[in-house]
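Work through these exercises with the structure in view. Try each task before reading its solution.

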Amino acid sequence: MPIVKDFFIALSNSQFLNATAKKLGPMFGAKKVVAGNTIPMLLETIQRLNDKGIVVTVDNLGEYVANEGEAIQAKDRILEVMYAIYDNNLDAHMSIKISQLGAEFDLDLAYKNLREILLKANEFNNMHINIDTEKYESLFGVIQTVDRLKGEFKNLGTVIQAYLFKAEALIDKYPELRLRLVKGAYKENEFIAYQTKEEIDKNYIDIIEKRLLNCNHVTSIATHDDAIINHVKQFVKDNHIDKEQYEFQMLYGFRTELAEEIAREGYNFCIYVPFGDDWFSYFMRRLAERPQNLVLAYKEFTSPQMLKKLGIILGGTLAVAGSIVSLFKFSKK
Ligand SMILES: Cc1cc2nc3c(=O)[nH]c(=O)nc-3n(C[C@H](O)[C@H](O)[C@H](O)COP(=O)(O)OP(=O)(O)OC[C@H]3O[C@@H](n4cnc5c(N)ncnc54)[C@H](O)[C@@H]3O)c2cc1C
């Protein structure tokens, strides 16, 4: 359903809607997939997941950073979260978007902010720091930053998006890093990325298998897709891949029962927990991936108070989204 995907990706990229949504606070069901906007709320969620044998990777939401002051503020907030995790002895680490550290207007500033985070992470039990990948146009900055830091820090990792033609080359480039493998969440063109689910799934399985067979640094298989998860379970069994060499990952609030079941089966499992006020762009990307996620939001969408609160512009956007939820409400999973 490319039009629906394009629609939500366009919303996720709107700086106006992101700024408006930030002021209004999490809504449309976003509360179910974002672990609140305070550190105590976040810590409570991490503890609950840790008690079930699940590790957490935390995303301090917010990618639209406009100036150096905001980038430094984001870095300070990340340090605060890291300290709280360490101080409370929780099993969690960080996932960071370098756009939040200033990469879109000053890559060197993002590098310096990230280096400060990594130095602190060394003091906090060598806490793992993962660099998320974002839109393709920012990939060069991610690669450059990772290349500058990987010799100095062993607790650094990044993400490879299977929809990119160059995904396999990137796997080969980083055998020494802990890598998260994903299908890819953004809208990329046919000159750089596979477009169909079949092609993306095939490349995803190819890079997972290649990585697991050739590298014993941790590989995180981050997907909600049963077919891929079952394939990987069989593959690791057939190839005697050590349990410590890989983990499964999912996003907070999605397929919770399945996540807990996989953890109970004895596989290493990590949940990606976003928190903070900048929920809009993250939530729109989740709707782009799977419009059925609108079911999370359906009741809130239709409340009159909500439409009043949002005003005419966002209300118009919601009207379009409301008709999409009707289309998908009864479609199968
Ligand atoms: C931990 C984590 C970190 C990520 N980090 C990044 C990143 O740094 N950069 C990036 O570009 N992307 C990232 N992503 C997003 C990723 O690229 C995909 O966009 C996202 O995971 C959706 O793809 P999928 O593999 O889950 O499967 P999809 O292709 O979306 O779904 C495949 C099938 O899985 C089942 N399914 C999926 N979701 C559900 C559900 N909620 N309920 C029931 N069944 C479901 C359905 O049968 C569906 O047809 C991350 C994802 C995860 C889980």
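This is a predicted model: local features need pLDDT of at least 70, side-chain atom pairs count only at pLDDT 80 or more; totals for chains, interfaces and linings use all residues.

**Exercise 1. Find how many residues surround the ligand, and which are the closest.**

Solution. A residue is near a molecule if its C-beta atom, placed from the backbone, lies within 6 Å of it.

Residues are numbered from 1 along each chain as its sequence is written.

Next, sort the shell by class. Ala, Val, Leu, Ile, Met, Phe, Trp, Tyr, Cys and Pro count as nonpolar, Asp, Glu, Lys and Arg as charged, and the others, Gly among them, as polar. The shell around the ligand then has nine nonpolar, six polar and seven charged residues.

Now look at the strands. Helices (H or I, at least four residues) and strands (E, at least two) are DSSP runs, numbered from the N terminus. β4 (156-161) and β7 (246-251) each give at least two residues to the shell. The largest share, three residues, comes from β7.

**Exercise 2. Describe how α3 and α4 pack: at what angle, and how far apart are their axes?**

Solution. Two packed helices are described by the angle between their axes and the distance between the axes. Axes are lines fitted to C-alpha atoms, for helices over the stretch in contact, and angles run from 0 to 180 degrees between N-to-C directions.

Step one: α3 (residues 39-51) and α4 (residues 68-87) pack at about 45 degrees, with axes 11 Å apart. That makes α3 oblique to α4. The cut-offs: under 35 degrees is roughly parallel, over 145 roughly antiparallel, 65 to 115 roughly perpendicular, and the rest oblique.

Step two: α3 passes α4 in a right-handed crossing. A crossing is left-handed if the near helix is turned anticlockwise from the far one by less than a right angle, and right-handed if clockwise.

Step three: Ile 39, Leu 42 and Leu 43 in α3 meet Glu 80, Val 81 and Ala 84 in α4. Residues are in contact if their C-beta atoms, placed from the backbone, lie within 7 Å. This contact has five nonpolar, no polar and one charged residues.

**Exercise 3. Repeat for α5 and α6: at what angle do they pack?**

Solution. α5 (residues 107-123) and α6 (residues 139-149) pack at about 45 degrees, with their axes 10 Å apart. They are therefore oblique to each other. Their crossing is right-handed. Among the contact residues are Leu 107 and Leu 114 of α5, and Gln 144 and Leu 149 of α6. The contact divides into six nonpolar, three polar and two charged residues.

**Exercise 4. Is Val 34 buried or exposed?**

Solution. A residue is buried if 20 or more other C-beta atoms lie within 10 Å of its own, exposed if 12 or fewer, and partly exposed in between; C-beta atoms are placed from the backbone. Val 34 counts as buried because it has 25 C-beta neighbours inside 10 Å. Val 34 is in the loop between α2 (15-24) and α3.

**Exercise 5. Now place Asn 89: where does it lie?**

Solution. Asn 89 lies in the loop between α4 and β2 (92-96). With 9 C-beta neighbours inside 10 Å, Asn 89 counts as exposed. Its phi is near 55 degrees, a positive value in a residue other than glycine.

Terms used. Two residues are in contact if their C-beta atoms, placed from the backbone, lie within 7 Å.
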